[in-house]
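Let's walk through this one together, a few questions at a time. Here's what we're looking at.

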Amino acid sequence: MPAQQRSALFIDGANLYATTKALGFDIDYKRLLKEFQARDNLLRAFYYTAMVEDQEYSSIRPLIDWLDYNGYRVVTKPAKEFTDSAGRRKVKGNMDIELAIDALELAPHIDHMVLFSGDGDFRSLVEAMQRRGVRVTVVSTIQTQPAMIADDLRRQADEFLDLTQLINRVGRDPGERPPRPAGDNGRREFAERGSPRGGAPNPGLESRYGIRQPGDEDPAEA
């Protein structure tokens, strides 16, 4: 693999969350970024997620805010809440178009695309990127029942990287997470203390989202 090839990460947030949940571990996004910076000349790292409209506090907001300040390009759009025919509350939000447009626009500037998703709808995007001379690695897993990646997407990719191979390098122990902050106070606390724009980082958020203070020892790197 060329040491100086230009690459970009495209993370389907909802799909990656479902995959890591099925595998029983959490992503440390700081370690993930560091891992792929070491592999390639990483130009961009995109994270895509839909967020519920008119929700005063979202449990994902602290993660989104941290990613936005720490090397990721976060792309969001409003999700829609609805009630199905059985009376169950559901949320609908698809970021496929946004991810595909960004990837195709960036294609002339990168040599390698790393797609974190198992969604078979991305097969056509992978093929389009390959026609533009971009090598595509897809990251998901076949170690669950059923597999989290569509078979046609896995076959289309130039390389399939099973997420289980990365657990020791980008994973975090879910048992380390403290209780989630309640209500809007948790969001304000992050805005005031957890971002580089406002004072010292919040230790609780550091633990929950894999954010470590400078000088903290990483057990995987000791």
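Q: Which helix is the place of D152 in?
A: This is a predicted model, so keep that in mind as we go. D152 falls within the run of residues 151–156. That run is helix α6.

Q: Does D152 count as buried, partly exposed or exposed, and why?
A: Buried would need under 20% relative accessible area, and exposed over 50%. D152 comes out at 31% relative accessibility, so it counts as partly exposed.

Q: Which residues does D152 touch, leaving out those up to four places away in sequence?
A: Touching here takes heavy atoms within 4.5 Å. With residues up to four places away in sequence set aside, D152 touches G120 and R123.

Q: What distance separates the C-alpha atoms of D152 and G118?
A: Along the chain these two sit 34 residues apart.

Q: Which residue with positive phi follows α3?
A: Helix α3 covers residues 61–69, and its buried residues are P62, L63, I64, D65, W66 and L67. After α3 comes a residue with phi near 95 degrees. That residue is G71.

Q: How many residues are in the largest nonpolar core?
A: L9, Y29, L32, F36, Y72 and F116 have the most contacts inside this core. β1, α2, β3, α3 and β6 each supply at least two of its residues. There's also a second, separate core of 24 residues, which includes F10, L99, A103 and M129. For the largest core, the count is 25 residues.

Note on methods
Residues numbered from 1 in each chain as written. Predicted model: local features only at pLDDT ≥ 70, side-chain atom pairs only at ≥ 80, totals over all residues. Heavy atoms only, no water. Helix = DSSP H or I, 4+ residues; strand = E, 2+ residues; numbered from the N terminus. Buried < 20%, exposed > 50% of the residue type's maximum accessible area, 1.4 Å probe, protein only. Core = buried A, V, L, I, M, F, W, Y, C linked by side-chain atoms within 4.5 Å.
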